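Open the model in a viewer and keep the sequence panel beside it. The stops below say what to select and what is there.

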Amino acid sequence: MADVNRGNRPLSPHLQIYRWQIPMLTSILTRITGNALIVSAVLVVWWFLAAATGPDAFATADWVLTSWVGDVVLSLSVLGLWYHFLAGIRHLIYDSGRGLDLPTAEKLGWACLIGSVVLTAITLIIV
Amino acid sequence: MRYLTDRKRATGLGSARTGTEHHWGMQVSSVALAILVPLFVFTFGPILGAPYEEVTAYYARPFPAIVAGLTLIVGLVHFKNGARIMIEDYAEGGMRHALIIGTICLSYALIATGLFALVRLAL
């Protein structure tokens, strides 16, 4: 009898229903950046494999990664990586039970957004 | 009078039927990545774009190679477990299984390929 309502349960309201707000936006961005980074991982592993294979293979992979398309993809990867990095640290703070009140949560969200842009700028200047 | 403890009665309940292993695993790998990612970005970044001979000599050195290897392993295990949560949120039934299996295969394939390349560069 516990399964009477199986398959006919109400769904929770989705993205189109909620008003956009910082904690929600930053949480969604965490998921998007984390999963999108697989593209960067594939590119980097390909570059390593090419370097281990020989000069010709390396030239191809290096050309792709340092072309303007590669530059755009890798720069976005750095932005996504730093964003996910900061959001992950925020997640650890939340997990410890701290920062869950609304004013603090909104500040932490802004810190992730602004911090990732700042860290990306620093990275692109140094590297 | 109940002889079962509260914990015993709670074990196995909840939609996941299992405990906190997944969450703990993500916490551990995220702490490790908080250290590894900056190290990898600032060892890999400067050498990207360098000529072939410089790259092979650079990754024959222990520190950049070990950082790259650890980042690949921990990062892709973190991806494997994190992506599973996204798949479970959006896909159902056979498609869910296929996507999770595919993600796991892709993660381990990338780890194996990356480590093979690093070992070859180091030797």
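**Stop 1: helix 4 of chain A**

Select helix 4 of chain A: its 25 residues reach 36 Å from the first C-alpha to the last, close to the 36 Å expected at 1.5 Å a residue. The expected span is 1.5 Å times one less than the number of residues. Helices (H or I, at least four residues) and strands (E, at least two) are DSSP runs, numbered from the N terminus. This is a predicted model, in which local features need pLDDT of at least 70 and side-chain atom pairs count only at pLDDT 80 or more, while totals for chains, interfaces and linings use all residues. Residues are numbered from 1 along each chain as its sequence is written, and chains are lettered from A and ligands numbered from 1 in the order in which they are written.

Within helix 4 of chain A, colour A:Leu108, A:Gly109, A:Cys112 and A:Ser116, which are buried. A residue is buried if 20 or more other C-beta atoms lie within 10 Å of its own, exposed if 12 or fewer, and partly exposed in between, with C-beta atoms placed from the backbone. The buried residues of helix 4 pack against helix 1 and helix 3 of chain A; contact between two residues requires C-beta atoms, placed from the backbone, within 7 Å.

**Stop 2: the rest of chain A**

Of its 127 residues, 26% count as buried. Among contacts in chain A with a separation of 6 or more, 68% are between residues 24 or more positions apart.

Next select helix 3 of chain A. Its 28 residues should span 40 Å at 1.5 Å a residue, and the end C-alpha atoms are 40 Å apart, which agrees. After helix 3 comes A:Gly97, with a positive phi near 90°.

Move to A:Leu43 in helix 1 of chain A. Is A:Leu43 buried, exposed or partly exposed? A:Leu43 counts as partly exposed because it has 17 C-beta neighbours inside 10 Å. Beyond four places in sequence, A:Leu43 is in contact with A:Leu65 and A:Val73. A distance drawn from the C-alpha of A:Leu43 to that of A:Val64, 21 residues away along the chain, reads 9.2 Å.

**Stop 3: between the chains**

Bring chain B into view. The contact takes 23 residues from chain A and 26 residues from chain B. On the chain A side, helix 1 (22-53), helix 2 (55-66) and helix 3 (68-95) each supply at least two residues. Helix 1 gives the largest share of that side, 11 residues.

Zoom in on A:Ala51. Leaving out residues up to four places away in sequence, A:Ala51 touches A:Phe58, B:Val55, B:Thr56, B:Tyr59, B:Ala117 and B:Leu121.

**Stop 4: the core**

Select the largest nonpolar core, which has 40 residues; A:Phe48, A:Ala51, B:Leu76 and B:Ala117 have the most contacts inside it. A nonpolar core is a set of buried Ala, Val, Leu, Ile, Met, Phe, Trp, Tyr and Cys residues joined through C-beta atoms within 7 Å. Helix 1, helix 3 and helix 4 (102-126) of chain A, and helix 2, helix 4 and helix 5 (93-122) of chain B, each supply at least two residues of this core. Its largest share, 10 residues, comes from helix 1 of chain A.
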